[in-house]
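Subject: Handing over a structure, with notes on what was found

Dear colleague,

I am passing on to you the structure shown just below, and I would be grateful if you would look through it before reading on.

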Amino acid sequence: MQSPSALRITSSVSIPLTELTFRASRSGGPGGQHVNTSSTRIELWWDLATSPSLREDQRQRALERLATRLDGNGRLRLVSSGSRSPFQNREYVTERFQALLQPFLQTLEAF
(Lines give C-alpha, C1' and ligand atoms only; values in the text may rest on other atoms or scores of the structure.)
Protein backbone atom coordinates (compact mmCIF):
# COMPACT_ATOMS: atom_id res chain seq x y z
CA MET A 1 0.00 0.00 0.00
CA GLN A 2 1.31 3.43 -0.95
CA SER A 3 2.00 5.79 1.90
CA PRO A 4 0.13 9.10 1.62
CA SER A 5 3.37 10.86 2.57
CA ALA A 6 5.35 9.49 -0.40
CA LEU A 7 4.94 8.87 -4.13
CA ARG A 8 5.75 5.34 -5.25
CA ILE A 9 7.86 5.52 -8.42
CA THR A 10 9.01 1.88 -8.62
CA SER A 11 8.86 -1.06 -6.23
CA SER A 12 12.03 0.16 -4.51
CA VAL A 13 11.91 3.94 -5.04
CA SER A 14 9.53 6.33 -3.29
CA ILE A 15 9.83 10.09 -3.22
CA PRO A 16 8.57 11.72 0.00
CA LEU A 17 6.11 14.53 -0.64
CA THR A 18 8.34 16.73 1.52
CA GLU A 19 10.88 16.71 -1.35
CA LEU A 20 8.33 18.19 -3.75
CA THR A 21 7.37 21.84 -3.86
CA PHE A 22 4.01 22.80 -5.33
CA ARG A 23 3.23 26.37 -6.31
CA ALA A 24 -0.03 27.78 -7.63
CA SER A 25 -0.06 30.67 -10.08
CA ARG A 26 -2.48 32.25 -12.49
CA SER A 27 -3.12 30.45 -15.72
CA GLY A 28 -2.85 32.38 -18.92
CA GLY A 29 -5.44 32.31 -21.61
CA PRO A 30 -7.63 34.31 -23.91
CA GLY A 31 -10.10 36.80 -22.55
CA GLY A 32 -10.42 40.17 -21.03
CA GLN A 33 -9.08 41.81 -17.95
CA HIS A 34 -10.98 39.67 -15.42
CA VAL A 35 -10.90 36.29 -17.16
CA ASN A 36 -9.26 33.37 -15.37
CA THR A 37 -7.92 35.34 -12.42
CA SER A 38 -7.84 32.41 -10.00
CA SER A 39 -4.57 30.60 -9.36
CA THR A 40 -5.22 27.27 -11.04
CA ARG A 41 -1.87 26.55 -12.72
CA ILE A 42 0.30 24.25 -10.60
CA GLU A 43 4.09 24.00 -10.76
CA LEU A 44 5.88 21.00 -9.27
CA TRP A 45 9.56 21.44 -8.35
CA TRP A 46 11.91 18.61 -7.32
CA ASP A 47 15.59 19.00 -6.47
CA LEU A 48 16.98 15.96 -8.24
CA ALA A 49 20.62 16.89 -7.65
CA THR A 50 20.29 16.67 -3.85
CA SER A 51 17.44 14.17 -3.42
CA PRO A 52 18.27 11.64 -0.69
CA SER A 53 15.65 9.25 -2.10
CA LEU A 54 17.83 8.03 -4.96
CA ARG A 55 20.98 5.95 -4.98
CA GLU A 56 23.94 7.58 -6.70
CA ASP A 57 23.57 5.44 -9.85
CA GLN A 58 19.88 6.34 -10.04
CA ARG A 59 20.66 10.03 -9.58
CA GLN A 60 23.29 9.98 -12.34
CA ARG A 61 20.92 8.19 -14.72
CA ALA A 62 18.15 10.66 -13.94
CA LEU A 63 20.46 13.64 -14.39
CA GLU A 64 21.49 12.30 -17.80
CA ARG A 65 17.98 11.43 -18.97
CA LEU A 66 16.36 14.63 -17.71
CA ALA A 67 19.19 17.05 -18.54
CA THR A 68 17.09 19.13 -20.93
CA ARG A 69 14.31 19.49 -18.34
CA LEU A 70 16.51 20.60 -15.42
CA ASP A 71 17.47 24.12 -14.43
CA GLY A 72 21.09 25.08 -13.72
CA ASN A 73 20.83 23.80 -10.14
CA GLY A 74 19.57 20.32 -11.05
CA ARG A 75 15.92 21.00 -10.24
CA LEU A 76 13.06 19.55 -12.26
CA ARG A 77 10.01 21.73 -12.97
CA LEU A 78 6.71 20.43 -14.31
CA VAL A 79 3.63 22.57 -14.94
CA SER A 80 -0.04 21.74 -15.32
CA SER A 81 -2.72 24.22 -16.28
CA GLY A 82 -5.13 22.09 -18.31
CA SER A 83 -7.94 22.13 -15.79
CA ARG A 84 -9.79 24.97 -14.09
CA SER A 85 -9.33 23.08 -10.82
CA PRO A 86 -6.03 23.48 -8.96
CA PHE A 87 -6.66 20.11 -7.29
CA GLN A 88 -6.97 18.35 -10.67
CA ASN A 89 -3.87 20.15 -11.97
CA ARG A 90 -1.92 19.03 -8.89
CA GLU A 91 -3.04 15.43 -9.44
CA TYR A 92 -2.14 15.60 -13.13
CA VAL A 93 1.33 17.10 -12.58
CA THR A 94 2.03 14.49 -9.87
CA GLU A 95 1.04 11.67 -12.24
CA ARG A 96 3.31 13.16 -14.94
CA PHE A 97 6.18 13.29 -12.43
CA GLN A 98 5.75 9.59 -11.62
CA ALA A 99 5.42 8.63 -15.28
CA LEU A 100 8.53 10.64 -16.20
CA LEU A 101 10.78 8.94 -13.63
CA GLN A 102 9.40 5.41 -13.74
CA PRO A 103 10.78 4.03 -17.04
CA PHE A 104 14.49 4.58 -16.51
CA LEU A 105 14.46 3.95 -12.76
CA GLN A 106 12.79 0.57 -13.35
CA THR A 107 15.61 -0.46 -15.67
CA LEU A 108 18.11 0.15 -12.82
CA GLU A 109 16.18 -2.10 -10.41
CA ALA A 110 17.30 -5.19 -12.29
CA PHE A 111 20.91 -4.48 -11.38
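In which sense do β4 and strand β5 (residues 75-80) pair, and over how many bridges? They pair in the antiparallel sense, over six bridges, where two strands are said to pair if DSSP finds at least two bridges between them.

Before going further, please note that this is a predicted model, in which local features need pLDDT of at least 70 and side-chain atom pairs count only at pLDDT 80 or more, while totals for chains, interfaces and linings use all residues. Residues are numbered from 1 along each chain as its sequence is written, and side-chain values use heavy atoms, with hydrogens and water left out.

The chain as a whole

The secondary structure of the chain consists of two helices and five strands, and along the sequence these follow the pattern β-β-β-β-α-β-α. Helices (H or I, at least four residues) and strands (E, at least two) are DSSP runs, numbered from the N terminus. Of the 111 residues in the chain, 33% are buried, a word that stands for under 20% relative accessible area, with exposed meaning over 50% and partly exposed in between (1.4 Å probe, protein chains only). Among the contacts (heavy atoms within 4.5 Å) between residues at least 6 apart in sequence, 59% join residues at least 24 apart.

The sheet

Three strands form an open sheet in the order β3-β4-β5, and the pairing is antiparallel. Its edge strands are β3 and β5, each of which pairs on one side only, and the twist averages 20° from one strand to the next. Strand β3 (residues 20-25) pairs with strand β4 (residues 41-47) in the antiparallel sense over six bridges; here Phe22 has Leu44 in β4 as its bridge partner, and Arg23 has Glu43 in β4. Leu44 also stands opposite Leu78 in β5.

The helices

Helix α2 lies across β3, β4 and β5, running at about 135° to β5; axes are lines fitted to C-alpha atoms, for helices over the stretch in contact, and angles run from 0 to 180 degrees between N-to-C directions. Two packed helices are described by the angle between their axes and the distance between the axes. In this model, the axes of helix α1 (residues 56-65) and helix α2 (residues 86-109) come within 10 Å and cross at roughly 145°. On the α1 side, Asp57, Gln58, Arg61, Ala62 and Arg65 meet Phe104, Leu105, Thr107 and Leu108 in α2. The residues of this contact divide into four nonpolar, two polar and three charged, where Ala, Val, Leu, Ile, Met, Phe, Trp, Tyr, Cys and Pro count as nonpolar, Asp, Glu, Lys and Arg as charged, and the others, Gly among them, as polar.

Two residues to look at

Leaving aside neighbours within four places in sequence, Asn89 is in contact with residues including Thr40, Arg41, Ile42 and Ser80.

Leu63, in helix α1, is partly exposed, with a relative accessible area of 23%. With neighbours within four places in sequence left aside, Leu63 is in contact with Leu48 and Leu70. Leu63 and Arg75 are 12 residues apart in sequence and 9.6 Å apart in space, C-alpha to C-alpha.
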